[in-house]
Amino acid sequence: VREKALLFGVEIIKLANDLERRKFYVLAKQVLRSGTSIGANLAESFDAQSRNDFLSKINIALKEARETEYWFHLLELSGIYTANELSCAQTLNEILAMLVATKKTIKINSK
């Protein structure tokens, strides 16, 4: 999931650049912040000080992924992009599934 989030971050940077080019500055900033934060929190999780710290970083990454999902829906519903133009949304769905599975596994193993 770490590598997938890194590559997703690259796609987010491209998307934010396109939004800025089209003068959607606030949306560009929001998508860039939440979309790149996923990978940043996963990177931090690899040096977690404890299981709880690791889970906290996973939870933050998951929250940022959900926020990014919101921005994607907003971009689509507002007509700024079509679903096909937001091709990185499929990658986001895969990241979300991995993060949810990781969270469940950690909680099961903590009992």
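Helices (H or I, at least four residues) and strands (E, at least two) are DSSP runs, numbered from the N terminus. The close-ups below show a predicted model, in which local features need pLDDT of at least 70, side-chain atom pairs count only at pLDDT 80 or more, and totals for chains, interfaces and linings use all residues. Residues are numbered from 1 along each chain as its sequence is written, and side-chain values use heavy atoms, with hydrogens and water left out.

**View A. Lys23 sits in the loop between α1 and α2.** Take a look at the backbone here: Lys23 is not a glycine, yet its phi is positive, at about 70°. Lys23 counts as exposed because its relative accessibility is 60% (exposed means over 50% relative accessible area, buried under 20%, partly exposed in between; 1.4 Å probe, protein chains only).

**View B. The largest nonpolar core has 28 residues.** Such a core is a set of buried Ala, Val, Leu, Ile, Met, Phe, Trp, Tyr and Cys residues joined through side-chain atoms within 4.5 Å. Leu15, Leu19, Ile38, Phe72, Leu75 and Leu99 touch the most other members. At least two residues come from each of α1 (2–21), α2 (25–45), α3 (51–77) and α4 (88–110), and α3 gives the most, with eight. Zoom in on Leu99: beyond its neighbours within four places in sequence, Leu99 is in contact (heavy atoms within 4.5 Å) with Ile38, Leu42, Ile58, Ala61, Leu62 and Ala65.

**View C. Asn41 and Ser45 both belong to helix α2.** Asn41 counts as buried because its relative accessibility is 8%; Ser45 counts as buried too, at 3%. A polar atom of the Asn41 side chain lies 2.9 Å from the backbone oxygen of Ser37. Not counting residues up to four places away in sequence, Asn41 touches Lys57, Ile60, Ala61 and Glu64. With that exclusion also applied to Ser45, its partners are Phe54, Lys57 and Ile58.

**View D. The largest pocket holds about 150 Å³ of space.** On a 1 Å grid over the protein atoms alone, a pocket is an open set of points where a 1.4 Å probe fits, with protein on both sides within 12 Å along at least five of seven lines; lining residues have an atom within 4 Å of a point. Grid points are joined across faces, edges and corners, and the volume is the space filled by probe spheres set on them. The lining consists of Glu69, Phe72, His73, Glu76, Ala83, Leu86, Ala89, Gln90, Leu92 and Asn93, and α3 and α4 are the elements that give two or more residues to it.

Definitions and conventions:
Polar contact = N/O pair within 3.5 Å; in protein donor to acceptor, adjacent residues only side chain to side chain.
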